[in-house]
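Subject: Handover of a structure and notes on its fold

Dear colleague,

Please find below the structure that I am handing over to you.

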Amino acid sequence: SVKQEGIYKVKYGERFSHPFRIAVDIYAENVWQPTLEYFLPVQMCHMRVNEKYRVWHGLCHMDDARMAPLNYNHFDGYKQGATTLTKYKSGDHVPGLDLGGWHDAGDYDFRVESQSEEIYILTLAWEAFDIKYDETTIDQINHLVEIHQPDGKPDILQQIEHGALTIVRGYENLGRLYRGIICPTLRQYVLLGDGSTMTDGLIHDVFLKTGERTGSGSGLTDDRWVFTEDNPSRELLVAAHLAGASRALKGFNDTLSIKCRQIAEAIFSVNRPVTSRIESPTVHAAIELYLTT
């Protein structure tokens, strides 16, 4: 029954908690704000990220991706089956994968569920709290981010847009969701430093030999690989997230909002045998589509 604002500790027997603050403005700053101010902007792929006179990282991964090798077990849990499940052959350049998305927290790959779960988290926060926080300039046309330079647009909607772009563009060009996009060599995978040094930014059609190491400026083996999979459970999960994002993006980026909804509907409309593995994501997608439509 605490009524006064202040710094408190909880005592239980002879034990004490760490000090903590109770106040009506406890969430006003330095709680969730650094996620929007720093973490998400710095993780943005296909962008140059500046902060005044600093550069967090240069423009990176502008060389799209190539279809992964067939029947191949890659590192970090990536695996490609006996077919690409698309019109592209193994090794083909896949266009449209040079926009949107965030680097993984410890490396530079894209897992489709990581992208979609983040836009869903941001969507729920937007709907619950109407967060119009603006501390960042995000320019998708010029692939430029300026931290601590407001541009008159809610950062949370710009981040939802950025995450949705990679999923939508991937679906449009592949005809299905990608499972993930990752560098082909361990030398790239363990890179410490600026992600813009991982690739030369040029599109190549020479396929990497399994196990080949990429040298500086080799120019033939550095394009990332895109993997696909037949995974109805994951597809339905992403459909739920896209359906939610469609609501947040309505009125902000109407074209992208419509595409998110249409892709969610297309995934949901596929006839699948009902099993315990997909019951939960099926219900989740149905609820989000119901709320959106």
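This is a predicted model: local features need pLDDT of at least 70, side-chain atom pairs count only at pLDDT 80 or more; totals for chains, interfaces and linings use all residues.

Residues are numbered from 1 along each chain as its sequence is written, and side-chain values use heavy atoms, with hydrogens and water left out.

The chain as a whole

The secondary structure comes to 7 helices and 15 strands; helices (H or I, at least four residues) and strands (E, at least two) are DSSP runs, numbered from the N terminus. The C-alpha trace spans about 65 × 50 × 45 Å along its principal axes. For 293 residues, a compact globule would have a radius of gyration near 19 Å, and the 21 Å of the chain agrees with this. That radius is taken over C-alpha atoms, and the globule rule is 2.2 Å times the number of residues to the power 0.38.

Buried residues make up 49% of the 293 residues, where buried means under 20% relative accessible area, exposed over 50%, and partly exposed in between (1.4 Å probe, protein chains only). The accessible surface comes to about 15100 Å², and carbon and sulfur atoms account for 54% of it; these areas come from the Shrake-Rupley method with a 1.4 Å probe, and for residues only the protein chains shown count as cover. Among contacts (heavy atoms within 4.5 Å) between residues at least 6 apart in sequence, 69% join residues at least 24 apart.

Strands and hairpins

Two strands are said to pair if DSSP finds at least two bridges between them. Strand 5 (residues 48-51) and strand 6 (residues 54-57) run antiparallel and are joined by 3 bridges. In this pairing Glu-51 stands opposite Arg-54, and Asn-50 stands opposite Val-55. The two strands form a hairpin with 2 residues between them, and Lys-52 in the turn has a positive phi of about 55°.

Strand 5 is also joined to strand 13 by 3 bridges, and here the strands run parallel. Val-49 stands opposite Val-145 of strand 13 in this pairing. Strands 12 and 13 form a hairpin with 4 residues between them, and His-143 in its turn has a positive phi of about 55°.

Leaving aside neighbours within four places in sequence, its contacts include Leu-36, Pro-41, Val-145 and Asp-155.

Elsewhere, 5 strands form an open sheet of mixed pairing, in the order 10-7-15-14-11. Its edge strands, strand 10 (93-94) and strand 11 (110-111), each pair on one side only. Strand 7 (residues 65-67) runs antiparallel to strand 10, with 2 bridges joining them, and Arg-66 stands opposite His-93.

Helices and the interior

Helix 2 (residues 112-129) has 18 residues and reaches 26 Å from its first C-alpha to its last, close to the 26 Å expected at 1.5 Å a residue; the expected span is 1.5 Å times one less than the number of residues. Its buried residues include Val-112, Ser-116, Ile-119 and Trp-126. Among the elements that cover them are helix 1 (33-43), helix 3 (155-174) and helix 5 (232-249). Asp-130, which follows helix 2, has a positive phi near 50°.

A nonpolar core is a set of buried Ala, Val, Leu, Ile, Met, Phe, Trp, Tyr and Cys residues joined through side-chain atoms within 4.5 Å. The largest has 54 residues, and those with the most contacts inside it are Ile-119, Ile-160, Val-226 and Leu-242. Helix 2, helix 3 and helix 5 are among the elements that each supply at least two residues of this core. Apart from it lies another core, of 10 residues, among them Tyr-72 and Phe-227.

Val-238, in helix 5, counts as buried because its relative accessibility is 0%. Not counting residues up to four places away in sequence, Val-238 touches Val-112, Ser-116, Ile-167 and Leu-177.

Yours sincerely
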